[in-house]
Amino acid sequence: MFYRESGQFKSTYAEDSQIFPIRQDRWVVGGIVAFAFLGIPLLAQFGWVSNYAFTAILTPFLIFALAALGLNILTGYAGQLSLGTAAFMAVGAFASYNFMLRIEGMPILVAFVLGGLCAAAVGIVFGLPSLRIRGFYLAAATLATQFFIVWCLTKVGWFTNYSSSGVITAQKIEMFGYAFDSSMSKYLFVLGIVSVMALLAKNMVRTNIGRSWMAIRDMDMAAEVIGFRPMRTKLMAFAVSSFYCGVAGALFAYAYLGTVEPEGFNLDLSFRILFMVIIGGLGSILGSFLGSAFIVLLPIVLNVAMQSLEGAGLPLPSGIGSSIELMAFGALIIFFLIVEPHGLARLWQIGKEKLRLWPFPH
Amino acid sequence: MQFFIEVLIAGLLSGVMYSLVALGYVLIYKASGVFNFAQGAMVFFAALTAVGLHDLGLSLWVAVPLTMVAMIVLGLVTEKFVLRPLVAQPEITLFMATIGLTFFVEGLAQAIWGASVRGLELGIADVPLEWLMEVSGMAISQFDLIAAGIAAALVAGLALFFSRTKVGRALRAVADDHQAALSVGIPLQHIWGVVWAVAGFVALVSGLLWGARNGVQFALTFVALKALPVLILGGFTSVPGAIVGGLIIGASEKLAEVFLPPLLQQLFDTQMNLGGIEGWFPYVLALLFLLVRPEGLFGEKIIRRI
């Protein structure tokens, strides 16, 4: 009834190749972005959005969404399964830290970009095996990235500025003389970066780069035969993906945690981001955001549920909470894979299809 | 030189234990094409259950068979509730599902038995063999030798099971071609149940050995991760590959741990502490090896068609 594209004619190429060709989509997306930039800070002014919501939900949601976006480019669009996401995030975080530390007056955004570029360089090196191997072999080989890089960052003191415990404290975020130190300003800072990078990613996957990735993913031999260069395409995917993960890692250190150690970027984090991509939907930009929201919210919801259980007179033995959380996490992942292997993004699409016909489906 | 041999032998013996874990992966991959990431969690679950029952006052002779029953139940439940609904999905989806299973099983084990470290006493002392010490002056652990013996016996038993029994032949048939096996009347679901049960048994044996060695704790799952480079080296589909790969990984990681740091320190002229190389060396070795031989030592040659 409301969601229909009849009467929306496209008379120019520019109109035809818009990101959201349907007017209602544009309104909704525009509304969400405007709400994120203006509505949430406004609500915070009235005290409707607490500090906790910014630091524990909104900021990590955006940062993980960016990391998931990076992994989605590699796994969802280019078809190269990777278990080393956290390592690329670590490279981004520690490289940015060192650029800020060692170069006087380094602007923070430039440091983030340079950090991302370092991650991209590492990504290219560890992406080289993908030219020879594929599938599970590649997945297991990417574990080498994960363990080797975390070991390097732990053992080589220069990276952590010879901090005895290996913990670094990220510098303050400052731009044009304005210090981003409140939780809301950090949120807005992250939001700005994530929106720009998501827009870039969306455009990348719609143009020839993204199409060459998808061609390689769907059948690399065939793609090679019709003229895509597998080496360039695969390494490009590794580089772009690592760049995104690197920037996400830098934000993780600077805007979310403040102090990080190499061990913080462990295999567990890699898996969490992989789950975001799977649950959100492989090969979907929107899916990265949905998956991130799901994985960030799940532990919080489980916690609340467990507390209310205890309140209802069912006390659980101490220490069992985290185990139950693990179980619920695993069970939900299996459940999702069985019910909708294409992720939340696919559910969203099905919903839109239904809405188009509503209320007269025949 | 003597020190070198000592390190080498210790490495080879621990490599046998890696092969044991890797064997569980190979069994399931061969028979159902599922790369079962949860094998490590199963090792952990088996070890924790056996120790938990033992700590309740049961003797090991009762606790271990009971654990075996639990592992079979776990395998059958997995087959029914995780794999059966996902039949005919792409391999990657199945792989993800087993990662989910990993979390579930790890959580389940800790929810039942708690997260504390438990010791496991199998009655084999972890002391150097005395007569060997006297003859050659080398310290080789008695425990490692016995563990290697158990692993060898297990592998021999499995080889016999696969080649001599009816179920074993059916398993190999399913591994070769699901549809052909179905068409000659092999019950696929039943066979998968058997495979998961056997993998559970292998997990139990490796869990007991590793648990006795390092204590039964969450870190066991990381040991199981080490089986992945073993698999890459040996090839996902080969039982001999798992053995040889395990030996190579075990020996090379111990040698690297002992002899690489001084070399690196000389090379970069630093006094840094470079311990912990064995944490990543197997993965990097496997990665480099793959560049030369993408299908592993004994894996099936990868043939790709358009």
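The legends below describe several views of a predicted model with chains A and B.

Residues are numbered from 1 along each chain as its sequence is written, while chains are lettered from A and ligands numbered from 1 in the order in which they are written. Because the model is predicted, local features need pLDDT of at least 70 and side-chain atom pairs count only at pLDDT 80 or more, whereas totals for chains, interfaces and linings use all residues.

**Figure 1. Overall form of chain A.** Chain A has 14 helices and four strands; helices (H or I, at least four residues) and strands (E, at least two) are DSSP runs, numbered from the N terminus. The radius of gyration of chain A is 22 Å, close to the 21 Å that the globule rule gives for 362 residues, so chain A is as compact as a globular protein of that length. This radius is taken over C-alpha atoms, and the globule rule is 2.2 Å times the number of residues to the power 0.38. Along the principal axes, the C-alpha atoms of chain A fill a box of roughly 70 × 65 × 45 Å. Of the 362 residues, 44% count as buried. A residue is buried if 20 or more other C-beta atoms lie within 10 Å of its own, exposed if 12 or fewer, and partly exposed in between, with C-beta atoms placed from the backbone. Among contacts in chain A with a separation of 6 or more, 76% involve residues 24 or more positions apart; two residues are in contact if their C-beta atoms, placed from the backbone, lie within 7 Å.

**Figure 2. Overall form of chain B.** Chain B contains 13 helices and zero strands. The radius of gyration of chain B is 20 Å, close to the 19 Å that the globule rule gives for 306 residues, so chain B is as compact as a globular protein of that length. The C-alpha trace of chain B spans about 60 × 60 × 35 Å along its principal axes. Buried residues make up 44% of its 306 residues. Of the contacts in chain B between residues at least 6 apart in sequence, 73% join residues at least 24 apart.

**Figure 3. The interface between chains A and B.** Here 36 residues of chain A are in contact with 43 residues of chain B. On the chain A side, α6 (135-155), α9 (220-225), α11 (267-280) and α13 (320-339) each supply at least two residues. The largest share, 12 residues, comes from α13(A). By class, the side of chain A that touches chain B has 30 nonpolar, four polar and two charged residues. In this classification, Ala, Val, Leu, Ile, Met, Phe, Trp, Tyr, Cys and Pro count as nonpolar, Asp, Glu, Lys and Arg as charged, and the others, Gly among them, as polar.

**Figure 4. The largest nonpolar core and A141(A).** A nonpolar core is a set of buried Ala, Val, Leu, Ile, Met, Phe, Trp, Tyr and Cys residues joined through C-beta atoms within 7 Å. The largest one has 204 residues, and those touching the most other members are L66(A), A90(A), A141(A), L251(A), A47(B), V195(B) and L231(B). Apart from residues up to four places away in sequence, A141(A) touches P129(A) and I133(A) as well as I232(B), A286(B), L287(B) and L290(B).

Figure 5. Helix α4 (residues 85-102) of chain A has 18 residues and reaches 26 Å from its first C-alpha to its last, close to the 26 Å expected at 1.5 Å a residue. The expected span is 1.5 Å times one less than the number of residues. Of the 18 residues in α4(A), 16 are buried. Helix α6 (residues 142-164) of chain B has 23 residues and reaches 33 Å between its first and last C-alpha, close to the 33 Å expected at 1.5 Å a residue. In α6(B), D144(B), A147(B), A148(B) and A151(B) are buried. What covers the buried residues of α6(B) includes α1 (2-32) and α9 (188-214) of chain B.

**Figure 6. The surroundings of G291(A).** G291(A) is found in helix α12 (residues 285-311) of chain A. With 32 other C-beta atoms within 10 Å, G291(A) is buried. Leaving aside neighbours within four places in sequence, the contacts of G291(A) are A68(A), M276(A), V277(A), I279(A), G280(A), G343(A) and L344(A).

Figure 7. A175(B) lies in helix α7 (residues 166-176) of chain B and counts as partly exposed, with 19 C-beta neighbours inside 10 Å. Beyond residues up to four places away in sequence, A175(B) touches K30(B) and A31(B). W358(A) is found in the segment after α14 (343-357) of chain A and is exposed, with 12 other C-beta atoms within 10 Å.
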